[in-house]
Amino acid sequence: MDKIRDAILAGADSAALAALPVPESYRAAFVRAEDTAMFEGMASDAKDPRQSIHIGDVPTPELAPDEVYVAVMASSINFNTVWSSIFEPVSTFGPMKRLARESEWAKRHDQPYQVIGSDASGVVVKVGSAVRLWKPGDHVTVHCNHVDDQDNTAHDDSMLAANQRIWGYETNFGGLADLSVVKANQLMPKPAHLTWEEAAVNALCNSTSYRMLVSQNGAAMKQGDVVLIWGATGGIGAYATQYVLNGGGIPVCVVSNAEKAKILRDMGVEAIIDRKEAGYKFWKDEHTHDESEWRRLGSDIRDLVGEDPDIVFEHPGRSTFAASMYVAKRGGTVVTCAATSGFMMEFDNRHFWMRLKRLVGSHFANYQEAWQANRLIAKGMIHPVISQTFALDQTGEAAFQIHHNMHEGKLGVLCLAPEEGLGVTDPELRAKVGEANLTRFRR
Ligand code: NAP
């Protein structure tokens with residue numbers, strides 16, 4: 001991949017890039033099928049991604065007609081990198097075996113290793129024979145909705161497709177690598193004012209938050225809506241906060257320390273709750289809720305903004321879910337995409353039905369939603385929330401930090417990009433957007 005990287009850095013044109021051979025193997029971060037039982041019997045917290053994520057060369061798969069090779073300049077760590085690496089809630093080798101049964105091309109995904117990673121920015125270096133809208137040399141970001149669009153269920157809303165998967169999580173050949181294999185319908189233009197690492201961190205989390213809050217498929221937030229955001233400086237929360245501010249909503253942001261609260265104040269958020277300082281104990285013990293603590297959260301929100309949330313942006317799961325369902329206003333919406341602290345939910349249904357609330361399940365985003373979310377980044381209206389950048393061989397350490405909530409925003413990973421700060425092709429737009437907006441989460 002060195003020749004390809006050097007050609008990209010030298011600004012080679014489409015024909016020159018297309019002429020370069022794609023090597024037979026490439027460097028990647030991967031987990032191994034033989035390791036899936038390595039953490040059995042351990043508590044989640046003790047399962048260490050640094051032990052299960054390996055860096056090494058893997059063979060380059062053949063390119064299907066509807067796919068492209070992307071030379072990956074940078075990628076990012078998502079929480080799904082943590083899930084893959086601790087083999088929770090299930091090992092991802094099962095979904096890849098099922099994918100392999102779908103077609104001759106899909107068989108490639110069933111390997112004794114999985115190249116992980118669901119984000120990438122980079123350059124197209126080769127396109128399959130059926131690819132029409134992209135060419136070698138295109139600067140791209142990759143979204144992770146992996147869908148076979150020849151299946152009728154993949155139309156209307158492709159997140160409802162029977163064969164919908166998350167690339168680099170439920171498929172092989174993900175983004176934490178020097179090369180990636182992606183379907184042409186995962187490509188989006190790279191925002192020109194961003195560096196490779198800034199461009200790499202957005203697609204998964206930004207698109208997820210867009211669908212949850214902005215899209216008609218989610219909570220369809222409107223001006224003036226009060227939105228309670230858990231983990232408001234985390235991967236998805238930091239984009240959610242921007243969507244609420246941009247869309248004329250009133251964010252009530254929950255975080256767990258003063259540094260995170262400061263980032264939010266700098267963004268223009270006024271209503272902030274430090275959940276550690278408040279010391280909420282929504283559970284008396286593992287099986288018993290404390291409803292008075294739900295009420296305390298509700299009254300803290302009213303003290304801050306004078307009313308109950310129209311929307312609750314929920315993802316911590318078991319630890320907060322019952323409280324979220326309680327504090328949402330009469331007729332309000334709880335929109336959820338995850339369950340970090342546990343996926344078996346329990347809540348008091350009386351508060352739900354008597355107050356006519358809605359619960360909306362949400363998962364990533366369809367191509368159009370991802371495209372619209374990327375467009376807002378490209379226009380400088382939503383900003384990347386990168387806080388640190390790691391080298392590819394530090395992928396395990398970066399995943400460890402996310403697993404233990406030691407980070408803010410997003411963690412970037414340099415793949416072929418030799419250093420941070422490269423890849424900006426529209427410096428005027430960058431100057432207009434302003435470094436302060438682009439570096440707010442930087443440590
Ligand atoms: P993240 O960067 O770790 O941020 C999550 C934040 O939530 C943390 O920083 C923490 O913030 C807060 N939090 C964690 N545990 C909590 C708890 N028990 N109670 C209250 N707050 C808690 O992760 P992320 O990237 O935002 O992802 C969050 C979850 O969404 C993960 O489970 C991920 O897998 C899932 N996800 C799903 C999709 C999808 O398409 N379905 C897409 C993206 C992410 P404070 O400590 O500051 O409060």
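In this predicted model, a backbone N or O atom of phenylalanine 364 lies 2.7 Å from an oxygen atom of the ligand.

| Residue | Protein atom | Ligand atom | Distance |
|---|---|---|---|
| Phenylalanine 364 | backbone N or O | oxygen | 2.7 Å |

On its own the ligand has 910 Å² of accessible area, of which the protein covers 90% (Shrake-Rupley method with a 1.4 Å probe; for residues, only the protein chains shown count as cover). The elements giving two or more residues to the shell around the ligand are α4 (79–86), α7 (203–213) and α8 (235–246). Helices (H or I, at least four residues) and strands (E, at least two) are DSSP runs, numbered from the N terminus. The greatest contribution, 3 residues, comes from α7.

Ser256, Arg275, Thr340, Phe364 and His407 come nearest among the 25 residues around the ligand, where a residue is near if one of its heavy atoms lies within 4 Å. By class, the shell holds 11 nonpolar, 12 polar and 2 charged residues; Ala, Val, Leu, Ile, Met, Phe, Trp, Tyr, Cys and Pro count as nonpolar, Asp, Glu, Lys and Arg as charged, and the others, Gly among them, as polar. Domain 1 (2–205 + 365–438) and domain 2 (219–361) each supply at least three residues to the shell, with bounds from an automatic or database domain assignment.

An open sheet of 6 strands, paired in parallel, has the order β13-β12-β11-β16-β17-β18. Pairing requires at least two DSSP bridges between two strands. The edges are β13 (271–274) and β18 (358–361), each with a single partner strand, so one side of each lacks a neighbour in the sheet. Neighbouring strands here are turned by 15° against each other on average, direction ignored; axes are lines fitted to C-alpha atoms, for helices over the stretch in contact, and angles run from 0 to 180 degrees between N-to-C directions. Strand β12 (residues 250–255) runs parallel to β13 and is joined to it by 4 bridges, and valine 255 stands opposite aspartate 274 in β13.

An open sheet of 3 strands shows antiparallel pairing in the order β2-β1-β4. Strand β1 (residues 25–32) pairs with β4 over 3 bridges, and valine 31 stands opposite glutamine 114 in β4.

Two backbone features remain. The peptide bond from glutamate 88 to proline 89 is cis, with omega near -10°; proline 89 is found in the loop between α4 and α5 (93–100). Aspartate 156, in the loop between β7 (145–146) and β8 (165–166), has a positive phi of about 70° although it is not a glycine. Most residues other than glycine have a negative phi, and most peptide bonds are trans.

Residues are numbered from 1 along each chain as its sequence is written, and side-chain values use heavy atoms, with hydrogens and water left out. For this predicted model, local features need pLDDT of at least 70 and side-chain atom pairs count only at pLDDT 80 or more, whereas totals for chains, interfaces and linings use all residues.

How values were computed
Polar contact = N/O pair within 3.5 Å; in protein donor to acceptor, adjacent residues only side chain to side chain.
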